[in-house]
Amino acid sequence: MVAKRIPVYVPQPPANAEKYVNHAIRENWIGSSVKDPSVDYLSRLENKFADFCGRSYASAVSSGTTALRLTWEILGIGDGDEVVVPDLTMIAVASTLTQAGGTPVFADVDEFNYCIDPAQIKNLITPRTRAIVAAHSYGQPPDLCALRRVAEDHGIWLVEDAAQGLGAVCAGRPAGGWGHIACFSLYANKLVTAGEGGMLVMDDAALYEQAELKKNHVFQSRRFEHDEIGFNFRLGNLAAAYACASFEELPQNCHVRKKITAAYQTRLAETPGLSFQQRIPDTETNSWMTTLRVGPEYPISRDELAERLDLEYNIETRPFFAPIHRQRPFRALKQRDLPVISPTLARQGLYLPSGAAYSEDSISRVCDAVVEISQLTH
Ligand SMILES: *Cc1c(COP(=O)(O)O)cnc(C)c1O
């Protein structure tokens, strides 16, 4: 008999999701313009993000990707501009920049914490560099103090891609509290979700005003007159209602995920060839996903392990992101000193079933399988 499937991720509907979404439906405020404050989940969600991150402003958008696209637009980054981005992250950071006319410069990640290394970034900065993107990696914040200092020393922007970082902390300050602009995703597997959605947070009033205008076609006070070209990157009130319910469960969600990571690490600590993402001093991960690195001392490769977990044990895993510099649209970019660690991690890394939906039994089953495979193949 085949054991029940353990998917890599299962969304868990928040307790108040139906209540809030139904409220928005009943009161008939479903779009992005909500005139009744008692049912304005969009403003409520924006306030939650701003407060949680200690920022003055938050602006809800349709996805993490559009949050990044809007960021380039409001920072005025485009033709001829370079931005230093992590090589081992989701492609949106580079694709949106390219769409804006800018050029990504790929920074390698640290072998142990999988985040960009501030010391290495300095070598990538040129007179054309306008910004650095600091991405939280599977929940682990990069060294944001150091990155902020590098950005300030060079008079360039620090953009935080905190899509995976909500609830994490660096030097006592929350993820999303560091970048001149920080972007979040509300995608279904993120810590606070609306199924799809995104958020920008910032302190600068002029940038906020630009974000509000440009995400909404630069509508002026005279309806249907536009001084500039904008986008429709708006989020609707139904999605915001769901996300408000999800936000209420963020602390509990982080707590459970940390316990899951601890359980995996304890159980697999003695298995040769396996290693886990390391914490950067003075940071706290939200344990978004528990990652596992399958090194050469493990008897089979990451791909073979993933395949056997899938076919023989009915356990789903996910490989790490592929290095962005090796993806077809970016291969032609000429860059000296291309990243070398990110391709290795991309080949050896996977993430294990993670999320609040898993019982201790599921985690045990995954660990037993990983250990059993390593023993059988000796
Ligand atoms: C999820 C994610 C995004 C994109 O968010 P979407 O809402 O899926 O568009 C961007 N960057 C990182 C690091 C992500 O994890």
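The lining of the largest pocket draws on both parts of the protein: at least three residues come from each of domain 1 (17-247) and domain 2 (250-377). Keep in mind that this is a predicted model, and let's take a tour of its open spaces.

**The largest pocket**

This pocket holds about 520 Å³ of space. Its lining is made up of 32 residues. If you want to find the middle of the pocket, look for Met 90, Ser 185, Tyr 187, Asn 189 and Lys 190, which lie nearest its centre. What kinds of residues are they? The lining of the largest pocket divides into 19 nonpolar, nine polar and four charged residues.

**The second largest pocket**

Next up is the second largest pocket, with about 440 Å³ of space. Here 16 residues form the lining, and those closest to the centre are Ser 32, Ser 33, Lys 215, Asn 216 and Arg 234. Helix H2 (41-53) and helix H7 (205-214) are the elements that give two or more residues to this lining. Which element gives the largest share? That would be H2, with three residues. Sorted by class, the second largest pocket is lined by six nonpolar, four polar and six charged residues.

**A closer look at H2**

H2 also crosses another helix, H8 (residues 237-248): their axes come within 8 Å, at an angle of roughly 40°. How are the two helices set relative to each other? With that angle, H2 and H8 are therefore oblique to each other. Their crossing is left-handed.

**The cavity**

Finally, there is one cavity of 30 Å³ or more in the structure. The space in this largest cavity comes to about 70 Å³. Among the residues lining the cavity are Pro 86, Leu 88 and Thr 89, along with Tyr 114, Cys 115 and Ile 116. Ala 135, His 136, Ser 137 and Tyr 138 line the cavity too, as do Gln 164 and Phe 321. How many charged residues does the cavity lining have? It has no charged residues, while eight are nonpolar and four are polar.

**Side by side**

| Space | Volume | Lining by class |
|---|---|---|
| Largest pocket | about 520 Å³ | 19 nonpolar, nine polar, four charged residues |
| Second largest pocket | about 440 Å³ | six nonpolar, four polar, six charged residues |
| Largest cavity | about 70 Å³ | eight nonpolar, four polar, no charged residues |

Terms used. Residues are numbered from 1 along each chain as its sequence is written. This is a predicted model: local features need pLDDT of at least 70, side-chain atom pairs count only at pLDDT 80 or more; totals for chains, interfaces and linings use all residues. Side-chain values use heavy atoms; hydrogens and water are left out. On a 1 Å grid over the protein atoms alone, a cavity is a set of points where a 1.4 Å probe fits but cannot get out, and a pocket is an open set with protein on both sides within 12 Å along at least five of seven lines; lining residues have an atom within 4 Å of a point. Grid points are joined across faces, edges and corners, and a volume is the space filled by probe spheres set on the points. Ala, Val, Leu, Ile, Met, Phe, Trp, Tyr, Cys and Pro count as nonpolar, Asp, Glu, Lys and Arg as charged, and the others, Gly among them, as polar. Domain bounds come from an automatic or database domain assignment. Helices (H or I, at least four residues) and strands (E, at least two) are DSSP runs, numbered from the N terminus. Axes are lines fitted to C-alpha atoms, for helices over the stretch in contact, and angles run from 0 to 180 degrees between N-to-C directions. Angles under 35 degrees count as roughly parallel, over 145 as roughly antiparallel, 65 to 115 as roughly perpendicular and the rest as oblique. A crossing is left-handed if the near helix is turned anticlockwise from the far one by less than a right angle, and right-handed if clockwise.
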